[in-house]
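Me: Please take me through the salt bridges and their surroundings in the structure shown here, with the cut-offs stated.

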Amino acid sequence: MSSFPSLFPGMLLDAASRYAQDHAAAAELPGDPVRELGWTATLVAEEAGGVGGTLADLASIVEGLAGQGLQLPVVESCAIVPLLLQAAAPETATRWLEAVADGSAQIAPLTALSSMPDDTVVQARHLDIGFELNGTVQGVDLSLPASHWLVPAEVEGETGLFLVDAERIGAPAARYRTMEGRRGADFRLARLAVPAGACIARGAAARDALAAAADAALLLTATDTVAALATLLQQTIGHLKERRQFGVTLSTFQVLRHRVADMYVKYLGAKGLVVHCFHAHEQKAADLRRTLRLAKVSLAESARACAEAAIQMHGGMGVSEEVLATRLAQRLIASEFRYGDRLAHTARLHRPQAEAAAPAFQSNLTGSAR
């Protein structure tokens, strides 16, 4: 029996894993694999031409790719986009979801990878014939081509969602390679005029959709972390069994065996956290966001510790990106900063306590003054 059983076994996991194995060494991926393989249809309802799958189905794809170290924007294209489109009016939502499912529209979220989708940085101002968008969005995933961008924005004190042609958005202000090998970009929207129909949702509908997308992003990133951690641990064990020093394999050194055991315990804890989070999501737990934030903080600490340990135990090979373990370590460290880092989530967790303590603190000050 394997010591590293899959979180979400099934055909989707196998297909994603095989694709990742076949293209792990490719410098450039051919075409648009996320849409060509039909993964964008996973969360789209059957009546809109999709598969009608669940977040667990999408997690199988994420796990298969992460286990082989392949970077594809599955979270952004297959989870965030369809969840945001569902906030639109039924006719509009169905039309665009059908386009997402069949691949005729390449829609991507214009959101920062380092922030939660519901942390809006773009401001929208109502004009006579439409809206004007202003703001800078840094760290947008640009791995795949986009025909349209979904832009969350603040509109007159409430949340709005805008679907804008990529040609109207224009080229990014900067392009770069992220730590884990993604193509990133910064976009500056300066007095960008869009028609009134570009605003597909406002108010509670847009706010709820962004919250659902944020929860999904945290869940799937946690799945990615655990899958990468499992493979990193297996790669490290294999390395210690093969490499020799002083005439014996590295796996015979007790201190290294203890470090691997510590990594394995952290992996089991991380895996249990992800399973618990998915159960909370399926049950629509009232404190789901708090659970996800706590898991994010714990996973970030465990993943960083394991990544650093694996690099050290690989020695000089641990700093070469040709080694899968190195790429996985980079992925784990980068995942700490995806959709809010652990410090940001820790601050959010403490905020309700601070707000509750503020009135009491003010009362004490008033009493002292008297």
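**Salt bridges and burial**

Reply: Arg304 has a relative accessible area of 23%, so Arg304 counts as partly exposed, where buried means under 20%, exposed over 50% and partly exposed in between (1.4 Å probe, protein chains only). This is a predicted model in which local features need pLDDT of at least 70 and side-chain atom pairs count only at pLDDT 80 or more, while totals for chains, interfaces and linings use all residues. Residues are numbered from 1 along each chain as its sequence is written, and side-chain values use heavy atoms, with hydrogens and water left out.

Me: Which side chain meets that of Arg304 in a salt bridge?

Reply: A salt bridge here is a side-chain nitrogen of Lys or Arg within 4 Å of a carboxyl oxygen of Asp or Glu. The N to O distance for the pair is 2.9 Å, and the partner of Arg304 is Glu336.

Me: Is Glu336 buried or exposed?

Reply: The relative accessibility of Glu336 is 6%. Because buried means under 20%, Glu336 counts as buried.

Me: How many residues apart in sequence are the parts tied together by Arg182 and Asp141?

Reply: The side chains of Arg182 and Asp141 meet in a salt bridge at 3.1 Å, N to O. Arg182 lies in the loop between β6 and β7 and Asp141 in strand β3 (residues 130-141), so the pair ties together parts whose separation in sequence is 41 residues, with strands taken as DSSP runs of E, at least two residues, numbered from the N terminus.

Definitions and conventions: Helix = DSSP H or I, 4+ residues; strand = E, 2+ residues; numbered from the N terminus.
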